[in-house]
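Try each task before you read its solution.

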Amino acid sequence: VQLQASGGGLVQPGGSLRLSCTASGTFRLLNRMGWYRQAPGKQRDLVARIASDGTTTYADSVKGRFTVSRDNAKTSVFLQMTGLKAEDTAVYYCYCDAYDTIWSRMDYWGEGTLVTVSS
């Protein structure tokens, strides 16, 4: 599975950005898809994810500001970010776990996209 993310950039505090990520390759099922982020000098943490049944999970720090969603084909995941704060500045990584043709599950990561919140 290959993950291609896009949508990062520079935004002012209070602004909005939308991240997109599309999965390609051979698989039976994309289970959970979502986003993690890593700020300089910090560990990579979950931001938001959405399961194949639509169940969502959010970090407390982004609840009410960020929305994770998937397309109908369930091969793309989106992160709508509003009310951005300086502390949201980080490299954002697309993530998924997928079952291959023999139902073996693996985790996959995309290359990060930088989000910078600054005036």
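**Exercise 1. How much space lies in the largest pocket, and which residues line it?**

Step 1. Take the volume. About 180 Å³ of space lies in the largest pocket of this predicted model. A pocket is an open set of points on a 1 Å grid over the protein atoms alone, where a 1.4 Å probe fits, with protein on both sides within 12 Å along at least five of seven lines. The volume is the space filled by probe spheres set on the points.

Step 2. List the lining (residues with an atom within 4 Å of a point). Arg-37, Gln-38, Ala-39, Lys-42, Gln-43, Asp-45, Leu-46, Ala-59, Ser-61, Glu-87, Thr-89 and Ala-90 line the largest pocket.

Step 3. Sort by class. The lining has four nonpolar, four polar and four charged residues.

Step 4. Find the strands. S4 and S5 each supply at least two lining residues. Strands are DSSP runs of E, at least two residues, numbered from the N terminus.

Residues are numbered from 1 along each chain as its sequence is written. Local features need pLDDT of at least 70, side-chain atom pairs count only at pLDDT 80 or more, totals for chains, interfaces and linings use all residues, and side-chain values use heavy atoms, with hydrogens and water left out.

**Exercise 2. Is Arg-37 buried or exposed, and which side chains does Arg-37 join by polar contact?**

Step 1. Check accessibility. Arg-37 counts as buried because its relative accessibility is 13%; buried means under 20% relative accessible area, with a 1.4 Å probe and protein chains only.

Step 2. Find the partners. A polar contact pairs N or O atoms within 3.5 Å, one able to donate a hydrogen and the other to accept it. The Arg-37 side chain makes one with the Asp-88 side chain at 2.9 Å. Another joins the side chains of Arg-37 and Ser-61 at 3.4 Å.

**Exercise 3. Which residues touch the most other members of the largest nonpolar core?**

Step 1. Define the core: buried Ala, Val, Leu, Ile, Met, Phe, Trp, Tyr and Cys residues joined through side-chain atoms within 4.5 Å.

Step 2. Name the residues. Of 29 core residues, Trp-35, Leu-79, Met-81 and Tyr-92 touch the most other members.

Step 3. Find the top element. S9 gives the most to this core, with five residues.

**Exercise 4. Which residues is Ala-48 in contact with?**

Step 1. Locate Ala-48 in strand S5. Ala-48 counts as buried, at 0% relative accessibility.

Step 2. Leave aside neighbours within four places in sequence. Ala-48 is then in contact (heavy atoms within 4.5 Å) with Gly-34, Trp-35, Thr-57, Tyr-58, Val-68 and Leu-79.

Note on methods: Buried < 20%, exposed > 50% of the residue type's maximum accessible area, 1.4 Å probe, protein only. Helix = DSSP H or I, 4+ residues; strand = E, 2+ residues; numbered from the N terminus. Nonpolar A, V, L, I, M, F, W, Y, C, P; charged D, E, K, R; others polar.
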